[in-house]
Amino acid sequence: MKIAVCIKQVPTREWQPRLNDQKTWIREADVSYEMNEPDAYALEESLRLREKHGGEVVVCSAGPARVQTVIREALARGADRAIHVEHDSLGAADAFVIAEALAAAMRDEKFDLVLTGLQSDDQGHGQTGVILAERLGMPSSTIIMEVQIEGSSLRVKRELEGGWFQWIAMPLPALLTIQSGINQLRYATLKGIMAAKKKEMKKAALPDGLQPSQQVVGLAVPTRSKQTQMITGSAADAARELVRRLRDEARAL
Amino acid sequence: MILVVAEQHEGKLNRATWEAIAAAQQLAGTAQQLAGGMPISVAVLGASTGGLGQELAAAAVAEVLVAENAALEPYTPDAYAAAVSAFIDSAKPAFVLLPHTYQTRDFAPLLAARIRKPLVTDVTGINGTGADATFTRPMFQGKLAAQVKPHGGSPAIITVQIGAFRADAVQKGGSAPVKKVDVQIDPSAIRQKPEAPFREAKQAVDLGQAERIVSVGRGIKSQENIALAEKLARAMGAEIAASRPICDNGWLPMERQIGSSGQTVAPKLYVALGISGAIQHLVGMKGSRTIVAINKDAEAPIFEVADYGIVGDLFEIAPALITELEKP
C-alpha cells in the first residue's frame, strides 16, 4: 500500500497576527510555525494504515524552504520519505495553486491512497485535498473519521452535521480529507528524530504558469458584531462585577 | 445572473439555503429594490423534490429550477458536481452561491476543479455588487478577515458561512416561475457508494434545552481541570459543554460538543471558558442570548460575539466566580 500524506506548515495557535505594510498579507518574519493540526491527524492515520497493511508513507508538502521543519517532523514520527515542492511564492498561495503543484509532483508516484487534513488553520479554504483528487483522477470523500481497507476497496466514515455519520464505499486509489480527532497522535521519539535525518527528501519544482484563483486585496482584524463590555480588575473584582451584571443587566442568572 | 444551489435532505430544505438566497439578493443589488439587479435563479436538486420548488418560489428571484434525477439520491459529490456543472453550462451564471455546509464542502471544490473556476469559501460578507464585488472570509482561525477577489473567469463559486446572512432578511417577491430542468448524470461515473446516515449513540443530553451552559475549550489545559468548570456550571445552574478539541481528547463525551459537528444551542446564558472561538464553534452558539467570554488572549475571536468579556487567567477567574455565586 503506497500512501501519500499532504501536510502544510501554518502559524502556531498562539501567534498574534501582524500585517504587512500594504495590509494584504501577514508579516511572515514575525511568525512561528507548526504542522497544520488536521494534517497531523492525517499523518497519524497514514502511519496506522501502514502498520496494518504494510507499504510506505510518503510526506508531500508544497511551500518555501521553511516547511522542511514540518517535513522532518513527519519523517521523525515515522513517514518513510518526502517530496517537497519548493518555491517562495507557495507560502501565501491559494488552494488551486497548492493542489496543482502537489499534483504535478505526485502524479507519477501512482499512490493507492492520499490523505490530507480537512482544511488548513491558516487560509482555511478547505479545497486543496478535493482539487488534488480531481487532478490525480481519484474519487474523494471529506471530513473522514474512520478508514477501513479491504483489498482494493475502501470504506470510510464521513462526519455529517449535528452528530450524524455515514459510511461510504469507493474504489482505490482515492483521496480522503481527515477530520481532527480521528485518532490519538503519536509524537516523535529521539530514535525517530535521528532516523529522520537519513530519510530521503526529494525536491520538486513548481510547474510554470499556475494562476491564482483569488487575490487577497485586504486583510484586517475582524470588526466586532457586538459591543462587548470588557470587565477589568483583579479576578475577585471582575467576578463580582460580572455576576452583578449577569443578574441585574442581562437577567441571565 | 446568479445561480443559488439549494440544499435539501429528504424533501426538507436546509435553512441555510435561505441565507444563501439573502446573500445572492445582496450581491445582485436587489436587496433594497426588487428590480434592477442581476437576475437570480435558485436550483434545487434531488431524486424527487416535491413542493420545494414552490416553497423557494416565494423568494424575490427570477426563477426556480428543479432538477430531478434518481442519481442525485443519496447525495454523492460526483453526482452533485456533474449536475451543478450542467446547470452552469446552460445558464452561464456570473456567480454560483451555496451555503457552506458539510455537503457543499464535499462537492464544491470538485466542481471548481472540474470547470477550473475560482471558489471562495466560508464567506461572511459581500462588498459591492455584481462583477466588482469582493468577498469577506475568515483566515487564520478567524483572527483575521480577508477581502478576496475571485480570479479566473465566471462563474465565481461562493460558499456562504452559516449564520452570516439572515434567512429572515430574504426579500419575498411572490411567485417566481418554477421550471423543470433535465440534467444528465452518468450513474456509472459516480464512484462513491454511500450507506444510510446514522447517529453514533443516543443523544442522552439535549443541550438545546439547557437555560445556561458553561462551555470549556483548550484553555482548560488538562482533564483534571474539567472539574473546575463543572463546579462553576453547578454554581450557575448550568449544563457543562465543550468545544471540539476537548471531546476529541475524551475529556468530555462527544454528546457535549457544541459547534458545527456537535450541537447547536441558544441558551439564555453561554459562558465560554478558555475557548478561542474558531468559526466551527461559533456557529453552534452565537445565537445565545447572553455570551460571556473568559480568555487569556485579548485577541481571541470569541470576544467578537461576547456580550461580556474578561481577559485573564481562567484558573483565577473561575474560582472567584464560584465564590461570588455561592455567597448567600
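Predicted model: local features only at pLDDT ≥ 70, side-chain atom pairs only at ≥ 80, totals over all residues.
Residues are numbered from 1 along each chain as its sequence is written, while chains are lettered from A and ligands numbered from 1 in the order in which they are written.

Let us start with chain A. Along its principal axes, its C-alpha trace spans about 65 × 45 × 40 Å. Chain A holds six helices and 13 strands; these are DSSP runs numbered from the N terminus, with helices being H or I of at least four residues and strands being E of at least two. The chain is divided into domain 1 (2–204) and domain 2 (223–253), with bounds that come from an automatic or database domain assignment. The C-alpha centres of these two domains of chain A lie 42 Å apart.

How much of chain A is buried? Of its 253 residues, 46% are buried. A residue counts as buried if 20 or more other C-beta atoms lie within 10 Å of its own, as exposed if 12 or fewer do, and as partly exposed in between, with C-beta atoms placed from the backbone. Contacts tell us about the fold too: two residues are in contact if their C-beta atoms, placed from the backbone, lie within 7 Å. Among the contacts in chain A with a separation of 6 or more, 70% are between residues 24 or more positions apart.

Among the buried ones are Phe96(A), Ile98(A), Glu100(A) and Leu102(A). Their cover includes β1 (2–6), β4 (56–63), β5 (81–86), α4 (128–136) and β11 (201–204) of chain A.

Now turn to chain B and find its open sheet. Seven strands line up in the order β7-β11-β6-β1-β4-β5-β12 (chain B), with parallel pairing; two strands pair if DSSP finds at least two bridges between them. At the edges stand β7 (119–123) and β12 (178–181) of chain B, each with a single partner strand, so one side of each has no neighbour in the sheet. On average, neighbouring strands of this sheet are turned by 25° against each other, direction ignored.

Follow the strand β4(B) and its partners. Four bridges join β1(B) to β4(B), and Leu3(B) has Ser41(B) as its bridge partner in β4(B). Six bridges link β4(B) with β5(B), where Gly46(B) stands opposite Glu68(B). Is β4(B) buried or exposed? Seven of its seven residues are buried, so β4(B) is largely enclosed by the rest of the structure. Both faces are covered: Ile40(B), Val42(B), Val44(B) and Gly46(B) are buried on one side, and Ser41(B), Ala43(B) and Leu45(B) on the other. Further along, β5 (residues 63–68) of chain B pairs with β12(B) over four bridges, and Val64(B) has Val178(B) as its bridge partner in β12(B).

Helix α1 (residues 16–28) of chain B touches β1 (2–5), β4 (40–46), β6 (95–99) and β11 (156–160) of chain B, and its direction makes about 150° with that of β6(B); axes are lines fitted to C-alpha atoms, for helices over the stretch in contact, and angles run from 0 to 180 degrees between N-to-C directions. Helix α4 (residues 102–115) of chain B touches β6, β7 and β11 of chain B, and its direction makes about 170° with that of β11(B). As for α1(B), 13 of its 13 residues are buried, so α1(B) is largely enclosed by the rest of the structure.

Finally, see where the chains meet. Strand β13 (residues 229–230) of chain A pairs with β19 (residues 308–311) of chain B in the parallel sense over two bridges, and Gln229(A) has Tyr308(B) as its bridge partner.
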